Amino acid sequence: MQRPLFYLMLPVYVRGGEGMNQGEILNALLERPSPLSSEQREAVLSDSRYLRVVAGAGTGKTETLTRRIAYLLLCKEEQPRSIVAFTFTERAAQSMKSRIYERVRQLGGDQACAKLGEMYVGTIHGYCLRVLEDFFGYGGYDVLDEHKEMAFLLLRGWGLGLGRRGESYAGNCETFLRSVNVIYDNLLNRKELKRKAPDFTRRLEQYEAFLDQHRLLTYSQMVAFAARRLESKSATVTGVRHLLVDEYQDINRAQERLVCLIGRDASVFAVGDPRQSIYQWRGSDMKCFHDFLKEFPGCRTITLRENRRSGKKIVEAENMFARTFKRRRFSPLDPAMKEHGTVIIAESETPESEAEWVAEQIRRLVC
């Protein structure tokens with residue numbers, strides 16, 4: 001049984017849509033509160049089962065995702081429980097939930113919002129935790145964030161043989177955790193791992209036993225465990241008809257596998273921009289964005305080009321920098337703002353002095 005995700009009460013700025021026909025709802029969805037660009041409209045209205053949206057900085061990817069979901073609910077009359085939307089952070093999820101609720105209430109009225117709590121909008125980790133709790137016996141487990149996990153390992157690492165003489169114990173623990181996360185994030189084959197690194201595999205199995213003994217899960221475990229278990233029991237997600245994924249350039253291989261498993265029976269709408277991939281150090285794999293075309297044959301790609309956030313000079317600088325990429329070529333962005341904006345180069349001796357300078361510029365411009 002799917003559990004409600006959110007219940008929100010927001011002010012209504014436009015009269016509810018109980019009296020609006022489908023044509024009026026669709027027109028309002030595309031035009032208000034601001035008109036969508038031609039590429040955004042194309043993405044929102046697309047009938048393609050698999051769609052990859054390349055959304056450059058400032059091109060309105062969140063608004064495109066939000067209106068796509070509202071379109072599915074109001075115009076395609078999809079049930080909220082059939083829609084799953086993955087965001088990169090909980091903060092982004094809260095923002096998207098608020099936008100969806102506001103748009104649906106404005107255009108469809110209170111009745112259209114009655115079952116929105118059945119729709120999942122949140123992080124991949126949060127979704128995986130629910131799958132593990134609801135279908136695979138992990139109810140009552142606590143989740144360790146990266147700081148708590150490090151603290152847990154510092155207590156247990158001696159028993160794993162990480163406290164070797166003449167070496168930094170904390171450093172060994174950090175190295176061990178990084179290695180463990182690589183295993184989970186890439187779904188590496190355990191038999192092959194055991195053959196090539198038997199000592200490490202033994203420590204990994206001991207560590208997993210410690211965690212399970214204390215009914216604990218880590219962030220990397222949640223995704224890897226959910227993906228592995230859904231391989232053989234994918235029927236648990238057959239009720240999902242539409243999957244939407246934000247920041248697709250920052251997912252890892254385990255998350256990609258989860259998306260593919262859900263995509264067996266659902267449409268997949270992925271939004272991202274390889275030019276903004278900055279989380280490789282945390283295990284993300286930018287290649288997943290390009291491999292989307294291979295994982296989902298027949299996929300269509302739409303590129304959002306109209307930058308509505310930055311002045312012309314800033315967009316020109318961005319395009320110039322993007323042209324220096326040797327392996328990938330991207331369509332240049334088109335500035336929508338009339339203002340030219342300003343581009344400067346500032347040098348700082350330390351990260352702290354750079355942060356202070358940036359804060360001072362913001363304070364000066366705002367005040």
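Biologist: How do the residues lining the largest cavity divide into nonpolar, polar and charged?
Modeller: Six are nonpolar, three are polar and two are charged. Here Ala, Val, Leu, Ile, Met, Phe, Trp, Tyr, Cys and Pro count as nonpolar, Asp, Glu, Lys and Arg as charged, and the others, Gly among them, as polar.

Biologist: What sort of model is this, before I go on?
Modeller: A predicted model, where local features need pLDDT of at least 70 and side-chain atom pairs count only at pLDDT 80 or more, while totals for chains, interfaces and linings use all residues. Residues are numbered from 1 along each chain as its sequence is written, and side-chain values use heavy atoms, with hydrogens and water left out.

Biologist: Back to that cavity: how many of 30 Å³ or more turn up in the whole structure?
Modeller: The search finds one cavity of 30 Å³ or more. On a 1 Å grid over the protein atoms alone, a cavity is a set of points where a 1.4 Å probe fits but cannot get out, and lining residues have an atom within 4 Å of a point.

Biologist: And what is the volume of the largest cavity?
Modeller: The largest cavity has a volume of about 60 Å³, a volume being the space filled by probe spheres set on grid points joined across faces, edges and corners.

Biologist: Which residues should I click on to see its lining?
Modeller: Select Ser48, Arg49, Leu51, Arg68, Leu72, His242, Leu243, Leu244, Ser267, Val268 and Phe269, which line the largest cavity. Helix H3 (61-74), strand E6 (242-245) and strand E7 (267-272) each give at least two residues to that lining. Helices (H or I, at least four residues) and strands (E, at least two) are DSSP runs, numbered from the N terminus.

Biologist: What does Ser46 touch?
Modeller: Leaving out residues up to four places away in sequence, Ser46 touches Leu51, Arg68 and Arg300; contact means heavy atoms within 4.5 Å.

Biologist: Is Ser46 buried or exposed?
Modeller: Ser46 counts as buried, at 5% relative accessibility. Buried means under 20% relative accessible area, exposed over 50%, and partly exposed in between (1.4 Å probe, protein chains only).

Biologist: How does the pocket lining divide?
Modeller: The lining of the largest pocket has 14 nonpolar, 13 polar and 11 charged residues.

Biologist: Now rings. How many aromatic pairs are there?
Modeller: The count comes to 14 aromatic pairs. One of them joins Tyr50 and Phe296, which are tilted, 4.7 Å centre to centre with 45° between the planes. Rings of Phe, Tyr and Trp (its six-membered ring) pair if their centres lie within 6.5 Å; planes under 30 degrees apart count as stacked, over 60 as edge-to-face and the rest as tilted.

Biologist: Which parts does the pair tie together?
Modeller: Tyr50 lies in strand E1 (residues 50-55) and Phe296 in the loop between helix H12 (287-295) and strand E8 (300-304), so the pair links parts that are 246 residues apart in sequence. Phe292 and Phe296 form another tilted pair, at 4.7 Å centre to centre and 45° between the planes.

Biologist: Which residues does a cis peptide bond join?
Modeller: Arg32 and Pro33 are joined by a cis peptide bond, with omega about 5°. Pro33 sits in the loop between helix H1 (22-31) and H2.

Biologist: And what is phi at Glu77?
Modeller: Phi of Glu77 is near 55°, a positive value in a residue other than glycine. Glu77 is in the loop between H3 and E2 and is exposed, with a relative accessible area of 59%.

Biologist: What about Arg215, what is its phi?
Modeller: Arg215 is not a glycine either, and its phi is positive, about 55°. You can find Arg215 in the loop between helix H9 (198-213) and strand E5 (216-218), where it counts as partly exposed at 39% relative accessibility.

Biologist: Last one: how far apart are Pro332 and Asn319 in space?
Modeller: They are 5.5 Å apart, C-alpha to C-alpha, and 13 residues apart in sequence. Pro332 is in the loop between helix H13 (312-322) and strand E10 (334-335), and is partly exposed, with a relative accessible area of 48%.

Terms used: On a 1 Å grid over the protein atoms alone, a cavity is a set of points where a 1.4 Å probe fits but cannot get out, and a pocket is an open set with protein on both sides within 12 Å along at least five of seven lines; lining residues have an atom within 4 Å of a point.
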